[in-house]
Amino acid sequence: MAAELIRLKDLVMEFGNERVLDSMNLTIEDKKFLTLLGPSGCGKTTTLRIIAGFQKPTSGEVYFDGQPITDLPPYKRPVNTVFQNYALFPHLDVYDNIAFGLRISKLPEKEIDRRVGEMLASVSLKGFENRPIASLSGGQQQRVAIARALVNRPKVLLLDEPLGALDLRLRMDMQNELKQIQQEVGITFVYVTHDQEEALSMSDTVVVMDAGKILQIGTPEDIYNEPANAFVADFIGESNILDGIMLEDYKVKMFGQEFTCVDKGFEKNEPVDVVIRPEDIDIVAADAGHLCGTVTNVIFKGVHYDTIVDFKGFKWLIQTTDYYPVDSYIGIQLNPDDIHVMKRSEYSGLYGDYSTFSDEYDDITNADESADEE
Amino acid sequence: MKRRWLTAPYIIWMLLFTIVPLCIVIYFAFTDSVTGAFTFANIVSILDYASIFLRSIWLSVAATLLCLIIGYPVAYTIAQCKPRTQRILQMLIMLPMCLSFLLRTLAWVALLEDTGILNSLITSIGLKPLPLIRNSGAVILGMVYNYLPYMILPLYSSISKINPKLMEAAADLGCSRRQSFTKVILPLSMPGIASGITMVFVPAVSTFYISQKLGSPGTIMVGDVIESQFKGAYNPNLGAAMSLILLILIFICIGLSNRVTKQHNNEEVTL
């Protein structure tokens, strides 16, 4: 168990009548990569800005190493920020941007030169010292922003959607690079993003937020495999979320059939949400399946096919490497560990049905089809 | 670059009313007033007026600096307001420009005169009248009053373009508020400062009406002398020579300011 570095206690943030953070409690451990993940407006950036000191919470405290720092101005905090869109100084070149913080803390020029040189090397920008910021590509500006923050050797690096402005390929490269940098410098990273893939691939800990509340804290595997509620299940990856009834431990009923599962600890006959990940479903011949349905749509995604299957009016997303044409009648098989049972929450029924909720997966149905369904 | 001919009216206008007159000015500046022969005499005799040139420069430099000192905090404050408030304040700043320049200057005369509004107030409470008018101070005051908007507007436009995130970035990297200002805001508003200085200094150095109304014979400026060469003394050749020198002076000033602006624009493209 790593040591606690930052603790947020009962943070409340209100802008006018709008409550952006609702008594948030979070402990951030030292030397870990923690990601605040959620849709826009969930309060993740506000949380980051409160840690950086740009915003004062309406109530609640921020502790750093056990000391309250809620009233400390940003320039006195041992944290540095990589801003969304970088906020590099346009009147300074690469070298002077990176040296900015060191010059403010009045380090000897020799020391500054050494540290900026090291930093330039570690973000692979050697030879760019005297380039003006405007002449750099997005990825290069990104590196300067990271170097400008890290050169001050903060105890925590705060990153506010730093990869948002980059194209997909560059984003992937930077994800690896960021994780590597974090392990090399061995400090805490607090990373804000709405991109679940980014969160899963870089973090030690993922904090899923919505509407100013923390919904789940866990390792990427936990969050993906054991989502706490329908929102998390839907936000992290693709999910089919079904109504079920927990008959007893390890037994859940859905679609009028009983299935064996690995979950327990529910009331007898408790209504629950059942998550089935599209990649866990095996398609078999109709007579061998637990459930049978008709394929209504198939989209080729490269690695797999997204197959939409209609089971008694409820459409599932199934990801398979085998091709099943539209209108074929197929069966599916579910193994006990493919079924994940969750407690009902305020998010129940809102997500996970691919016949009505197609906004974030809008290429599964074309316009006439969705019109028919409504 | 098609449709270049659309600019023809402007080019003809410029040719007729700027380029041709400029040539005439140059011609007059280098010819004798009586014989019309080529001469440097006009240019040389400007040396007699060197003290007036210097005075014009110092009065307008003083006015420009005052405008900058007064204008910068105003521009900075406006740039921090809500967009709606910004528009209203901008309008208010421009409001005096809607009134006639002559009227505004005459209003100051009425205020500052020995028997004017301010001195009447002072004497009515039993104090001695103050020498408010006919001195350099009054001339500088008149120039500051008239040209202040020309300082504030370019400053405002360059400060409001600065990404507010840069202030946060500076604070994040250890800057106190004052350091954020000197290390980030001030250098980034240099183009505004340069163009504000040009916009105030250029009209101020060539002004003539303000110094006549608010100044004394001791505060006479180049503009006044040029005017008198055409109207009173009737030596248009000397007047033309003086205009030419003034023009060169102004060109140098604009050139310097452009250099500052350009340097910054090169560095300030994206974001």
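## Around Leu158(A)

Leaving aside residues up to four places away in sequence, Leu158(A) touches Leu48(A), Ile51(A), Ala52(A), Val79(A), Thr81(A) and Val190(A). The model in which these contacts are found is a predicted one, and the descriptions that follow should be read with that in mind.

At least three residues of the core come from each of domain 1 (4-223) and domain 2 (240-373) of chain A. In soluble globular proteins, nonpolar side chains tend to be buried together.

## Two domains in chain A

Chain A is divided into two domains, of which domain 1 covers residues 4-223 and domain 2 covers residues 240-373.

## An open sheet

In chain A, five strands form an open sheet, arranged in the order 13-12-11-14-20 with antiparallel pairing. Strand 13 (257-260) and strand 20 (339-343) of chain A stand at the edges, and because each has a single partner strand, one side of each is left without a neighbour in the sheet. From one strand to the next, the twist averages 45 degrees.

The pairing of strand 20 of chain A can be followed in detail, for five bridges join this strand to strand 14 of chain A, residues 270-276, and the two run antiparallel. Opposite His340(A), which belongs to strand 20 of chain A, stands Val275(A).

## Where chain A touches chain B

The contact between the two chains takes 18 residues from chain A and 22 residues from chain B. On the side of chain A that touches chain B, the elements that give two or more residues are strand 6 (79-82) and helix 2 (94-104) of chain A. Helix 2 of chain A provides the largest share of that side, namely three residues. Sorted by class, the side of chain A that touches chain B has twelve nonpolar and six polar residues, with no charged residues.

Note on methods
Residues numbered from 1 in each chain as written. Chains lettered and ligands numbered in written order. Predicted model: local features only at pLDDT ≥ 70, side-chain atom pairs only at ≥ 80, totals over all residues. Domains from an automatic or database assignment. Contact = placed C-beta atoms within 7 Å. Helix = DSSP H or I, 4+ residues; strand = E, 2+ residues; numbered from the N terminus. Nonpolar A, V, L, I, M, F, W, Y, C, P; charged D, E, K, R; others polar. Pairing = 2+ DSSP bridges. Axes fitted to C-alpha atoms, helices over the stretch in contact; angles between N-to-C directions.
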